[in-house]
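Please read them with the structure open.

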Amino acid sequence: MMAPRRMETKPVIFCLKALLLLYTFIFWVTGVVLLAVGLWWKFMLSPYMLLISSAPSNAPYVLTGTGAAIVLFGLFGCFATCRGRPWMLKLFAVFLFLVFMTELIAGISGFVFRHEIKGTFFTTYSEAVMRYDGRDDRSLAVDGVQRRLHCCGVYNYTSWFSSMYFPIGGVPASCCVSFSDCNGADLKNTTVAARKVYKEGCYELVVSFIESNMGIIAGVTFGIAFSQVIGTSLACCLSHFINANQYEMV
């Protein structure tokens with residue numbers, strides 16, 4: 001009586017293994033992506049983070065660490081699936097559940113505190129504009145934002161009129177629509193500068209981007225988080241069927 005039942009569970013175990021291997025590969029790829037984003041953030045976006053927070057951000061380290069852990073456990077999950085050891089599968093399921101909880105908490109926190117993030121950005125960016133000197137890291141970050149986003153100042157170019165830099169250098173050249181059409185004298189003249197610099201303020205542009213993409217960002221975050229539930233379920237089911245099959249063989 002036991003042989004037919006063992007034959008029935010083998011196709012189920014094979015299908016579960018195939019699905020879990022596919023999921024583990026996708027999970028491993030997300031780890032590689034997170035690791036790459038963390039390193040990119042650390043080495044490419046660090047100057048811009050000075051405009052969001054006055055203190056150094058731990059976000060790139062968290063992303064890099066999480067990505068590295070996912071890569072390692074993704075490999076472990078593949079090994080556990082191939083070997084079919086129930087205790088390994090259960091350990092992998094526990095890790096997936098922890099990742100799910102971490103991503104869920106991070107996503108909810110980011111959505112709930114988005115207004116505080118915008119407020120912090122406004123305060124820090126305004127201070128960077130007021131204390132701009134064209135040389136330090138924060139000033140260079142302001143220049144980078146203005147060039148890339150085609151914006152000028154906090155609310156508009158008039159934010160620069162009350163800055164420490166304006167009496168010396170006028171509106172920064174990073175605000176110029178065309179560098180060839182901007183010179184120092186023009187940028188110190190409030191009337192002439194108004195015709196040669198970007199009209200839109202950087203704060204409103206960044207806030208609009210956050211507001212318009214918050215739904216997409218939240219959806220992707222929660223989608224990735226809940227995908228861990230699928231992996232956890234597959235690992236637990238496979239462990240259960242392997243245990244049952246081993247019990248029937250005794």
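1. The model is a predicted one. I begin with Cys182, which counts as buried at 15% relative accessibility, the cut-off for buried being under 20%. Its disulfide partner is Cys176, with the two sulfur atoms 2.2 Å apart. Cys176 is also buried, at a relative accessible area of 2%. The torsion about this S-S bond is -115°, and the link is left-handed.

2. The structure holds 3 disulfides in total. Another of them joins Cys151 to Cys202, with an S to S distance of 2.0 Å. The torsion about the S-S bond is about 95° here, so the Cys151 and Cys202 disulfide is right-handed. Cys151 sits in the loop between helix 5 and helix 6 (166-169), while Cys202 belongs to helix 9, so the bond ties together parts that are 51 residues apart in sequence. Cys151 is buried with a relative accessible area of 0%, and Cys202 is likewise buried at 0%.

3. Cys152 is bonded to Cys175, at 2.1 Å from S to S. With a torsion of about 95° about the S-S bond, the link of Cys152 and Cys175 is right-handed. This pair connects distant parts of the chain: Cys152 is in the loop between helix 5 and helix 6, and Cys175 is in the loop between helix 6 and helix 7, 23 residues apart. Both Cys152 and Cys175 are buried.

4. Counting bonded cysteines along the chain, the disulfides follow the pattern 1-6, 2-3, 4-5. Cys236 is in no disulfide, and the nearest cysteine sulfur to it, that of Cys237, is 7.0 Å away. The cut-off for a disulfide is 2.5 Å between sulfur atoms. Cys236 is partly exposed, with a relative accessible area of 41%. Cys237 is in no disulfide either, its nearest cysteine sulfur being that of Cys236 at 7.0 Å. At 36% relative accessibility, Cys237 counts as partly exposed.

5. What surrounds Leu187? Leaving aside residues up to four places away in sequence, Leu187 touches Phe166, Gly169, Gly170, Val171, Pro172, Ala173, Cys176, Cys182, Ala193 and Val197. Both cysteines of the left-handed link, Cys176 and Cys182, are thus among its contacts. Leu187 lies in helix 7 (residues 184-188) and is buried, with a relative accessible area of 6%. The C-alpha atoms of Leu187 and Cys176 are separated by 8.7 Å, the two residues being 11 apart along the chain.

6. Helix 5 (residues 137-149) has 13 residues, which should span 18 Å at 1.5 Å a residue; the end C-alpha atoms are 18 Å apart, which agrees. Buried residues in helix 5 include Arg138, Ser139, Asp143 and Gln146. His150 follows helix 5 and has a positive phi, near 55°.

7. A search of the whole structure finds 15 aromatic pairs. In one of them, the rings of Phe122 and Tyr203 have centres 5.1 Å apart and planes at 65°, so the pair is edge-to-face. Phe122 is in helix 4 (residues 114-130) and Tyr203 in helix 9 (residues 202-249), so that distant parts of the chain, 81 residues apart, are linked. Phe122 is partly exposed, at 28% relative accessible area, whereas Tyr203 is buried at 13%.

8. One aromatic cluster is formed by Tyr23, Phe27, Phe73, Phe76, Phe92 and Phe95.

Notes. Residues are numbered from 1 along each chain as its sequence is written. This is a predicted model: local features need pLDDT of at least 70, side-chain atom pairs count only at pLDDT 80 or more; totals for chains, interfaces and linings use all residues. Side-chain values use heavy atoms; hydrogens and water are left out. Rings of Phe, Tyr and Trp (its six-membered ring) pair if their centres lie within 6.5 Å; planes under 30 degrees apart count as stacked, over 60 as edge-to-face and the rest as tilted. Helices (H or I, at least four residues) and strands (E, at least two) are DSSP runs, numbered from the N terminus. Buried means under 20% relative accessible area, exposed over 50%, partly exposed in between (1.4 Å probe, protein chains only). Contact means heavy atoms within 4.5 Å. The expected span of a helix is 1.5 Å times one less than its number of residues.
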